[in-house]
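Subject: Handover of the structure and notes on it

Dear colleague,

Please find below the structure that I promised to pass on to you.

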Amino acid sequence: MKENSLENIIVLDFGGQYSQLIARRIRELRVFSELVPYDTPFEKIKAKNPKGIILSGSPYSIISNEKKYVVEKELFKLGIPVLGICYGMQLIAYMLDGEVTSRGSNEYGKTRINIDTNSLLFNGLQPVETCWMSHRDSVSILPPFFRIIASTTNLPIAGIEEPFKKIYGIQFHPEVIHTPSGMDILKNFLFKICKCSSTWTMVSIIEKEVKEIREKSDGGKIICALSGGVDSSVAAILVNKAVGERLTCIFVDHGMLRSGEAEQVEKTFKENFKINLVMIKAQERFLSKLKGVIEPEQKRKIIGTEFIRIFEEEAKKIKDANYLVQGTLYSDVIESGTKNAARIKSHHNVAGLPDDMKLKLIEPLRMLFKDEVRILGIELGLPEEIVLRQPFPGPGLSIRIIGEVNERRLEILKKADSIVLEEIKRAGLYNKIWQSFAVLPAIKSVGVMGDERTYDYPIVVRAVTSEDAMTADWVKLPYKVLEKLSCRIINEVEGVNRVVYDISSKPPSTIEWE
Ligand code: XMP
């Protein structure tokens with residue numbers, strides 16, 4: 001399959017938090033879409049032969065920032081349809097001789113918008129719709145030959161078009177669920193304006209990735225960081241499909257896994273999938289490095305570095321192994337900070353990697369969200385118990401133990417965590433929620449057990465729903481389930497005398513505690 005035989009919508013990323021969501025929404029409409037940095041050389045963008053180009057939102061201001069985050073003007077002369085979203089629309093106005101202002105035009109949240117349904121972009125919509133706004137600057141003067149196609153009470157220019165050149169701009173975000181007709185707008189752009197066909201499926205991604213992995217590894221040996229979670233399992237199966245025997249999976253038991261996890265991974269991959277698998281027991285090595293460390297980012301860096309060191313050591317034993325496969329997802333990438341997006345936390349497999357790492361990375365899932373990876377896993381024939389498994393972070397229980405990680409605290413958390421998972425499964429909730437787990441904070445409180453004073457740890461129970469880990473809501477667990485959890489954890493886990501339930505959403509919290 002030639003790269004440019006695939007219908008492709010390119011999203012130029014100016015660092016907006018929703019940029020990848022735009023690409024993902026397009027893939028949901030069965031058109032391939034990829035996100036590329038806004039400053040990708042123009043020739044490279046052209047070579048991809050896109051059917052359409054989307055300019056994303058951005059934390060930058062086209063007027064206030066001294067450095068201008070722009071594209072080459074040639075982009076607007078290619079005859080390829082362009083849709084600017086939020087900052088993208090301001091960029092179109094700025095570059096094509098309109099004007100942008102920061103005066104009194106900011107809007108945030110759900111907004112009523114009047115739209116011109118004669119525009120192809122809004123075909124089939126109602127004259128008044130609800131949309132999601134999040135902007136400071138806005139377009140104040142139209143570029144020549146453009147016309148207004150949307151406005152709100154505060155914003156006279158909320159949508160623009162130059163239909164002959166097929167250039168469109170909207171100030172709101174069609175990709176978020178708070179714009180109910182957002183998908184219809186994207187559909188109009190894809191199918192009515194860019195004339196795409198809706199033929200792309202996850203199978204196409206398998207073919208594309210298999211081909212790329214074969215080319216990239218060039219006959220060399222590959223090792224894969226297998227954790228047994230859905231991401232690395234799907235990555236391993238994909239790579240296995242591409243290079244077969246040339247792949248060796250390495251499973252590092254850093255001692256911060258859930259109970260029974262290492263055994264389960266060994267059984268699934270060695271016995272069921274007949275994949276070369278090396279099991280490394282490294283609890284002591286990790287715990288000694290983590291001794292006395294309490295700062296979360298430092299923990300993540302230590303674990304990331306140690307992981308890679310172990311892989312390098314193992315790779316040396318496998319002649320010609322120069323590549324490392326990881327199941328890195330898009331949410332890991334964006335939250336670790338990209339060139340244009342802010343860092344929230346260093347996911348161990350992205351920003352936690354050491355600078356002098358010798359292995360070259362293969363990350364076939366880097367552009368996908370978790371639910372897309374699950375669909376891919378099912379297409380690849382992975383069993384449901386792996387594909388539908390709740391996510392588990394690479395640094396494992398270390399980021400659920402607040403403060404120092406040691407054997408005693410690990411033992412407590414492992415037991416509490418097993419109980420949480422057992423009870424959530426028993427209540428039939430396991431596959432309905434994104435993640436459910438226990439956290440061990442670095443505090444103790446006073447309790448009374450059997451007439452004796454206790455001074456022990458609390459366990460925090462956390463359960464969240466989420467679509468893609470970018471946002472999450474705490475689960476309103478039934479009182480009966482909470483009661484059972486509390487009762488079992490306090491009675492069965494020595495060293496715990498209190499159970500609390502975390503009722504925070506993301507944002508402003510994150511799913512994990514560190
Ligand atoms: P947060 O805590 O950032 O987590 O809301 C979002 C999702 O990512 C998982 N997570 C990680 N996964 N390595 C991983 O492989 C990491 O370092 C890491 N940190 C968080 C987390 O469990 C949640 O599903």
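In helix 3, the residues Y87, G88, M89, Q90, L91, I92, A93 and M95 are buried, where buried means under 20% relative accessible area, exposed means over 50% and partly exposed lies in between, with a 1.4 Å probe and protein chains only. Helix 3 covers residues 87-95, and because eight of its nine residues are buried, it is largely enclosed by the rest of the structure. Helices here are DSSP runs of H or I with at least four residues, strands are runs of E with at least two, and both are numbered from the N terminus. After helix 3 comes D97, which has a positive phi near 70°.

Before you read further, please note that this is a predicted model, in which local features need pLDDT of at least 70 and side-chain atom pairs count only at pLDDT 80 or more, while totals for chains, interfaces and linings use all residues. Residues are numbered from 1 along each chain as its sequence is written, and side-chain values use heavy atoms, with hydrogens and water left out.

Turning to the chain as a whole, its secondary structure comes to 14 helices and 21 strands. The radius of gyration, taken over C-alpha atoms, is 25 Å, which agrees with the value near 24 Å that a compact globule of 514 residues would have; the globule rule is 2.2 Å times the number of residues to the power 0.38. Along the principal axes, the C-alpha atoms fill a box of roughly 80 × 60 × 40 Å. Of the 514 residues in the chain, 59% are buried, and the accessible surface comes to about 22200 Å², with 51% of that surface belonging to carbon and sulfur atoms. These areas come from the Shrake-Rupley method with a 1.4 Å probe, and for residues only the protein chains shown count as cover.

Contact means heavy atoms within 4.5 Å, and among contacts between residues at least 6 apart in sequence, 74% join residues at least 24 apart. The domain assignment, whose bounds come from an automatic or database assignment, gives domain 1 (7-193), domain 2 (202-387) and domain 3 (406-501). The centres of domain 1 and domain 3, taken over C-alpha atoms, are separated by 45 Å.

Most residues other than glycine have a negative phi, and most peptide bonds are trans. D218, in the loop between helix 5 (202-217) and strand 12 (221-225), has a positive phi near 50°, and with 65% relative accessibility D218 counts as exposed. D451 has a positive phi of about 70° although it is not a glycine; D451 lies in the loop between strand 18 (445-449) and strand 19 (452-465) and, at 78% relative accessibility, counts as exposed. In the segment after strand 21 (496-501) you will find P507, and the peptide bond from K506 to P507 is cis, with omega near -15°. The bond that joins P507 and P508 is a cis peptide bond as well, with omega about 10°.

E423 sits in helix 13 (residues 407-426) and is buried, with a relative accessible area of 5%; leaving aside its neighbours within four places in sequence, E423 is in contact with K484, L485 and R488. G124 lies in the loop between strand 6 (107-115) and strand 7 (128-135) and counts as exposed at 71% relative accessibility, while 9.0 Å separates its C-alpha atom from that of N188, 64 residues apart along the chain. K267, in helix 7 (residues 261-272), is partly exposed with a relative accessible area of 48%, and the C-alpha atoms of K267 and W200, 67 residues apart along the chain, are separated by 34 Å.

With best wishes
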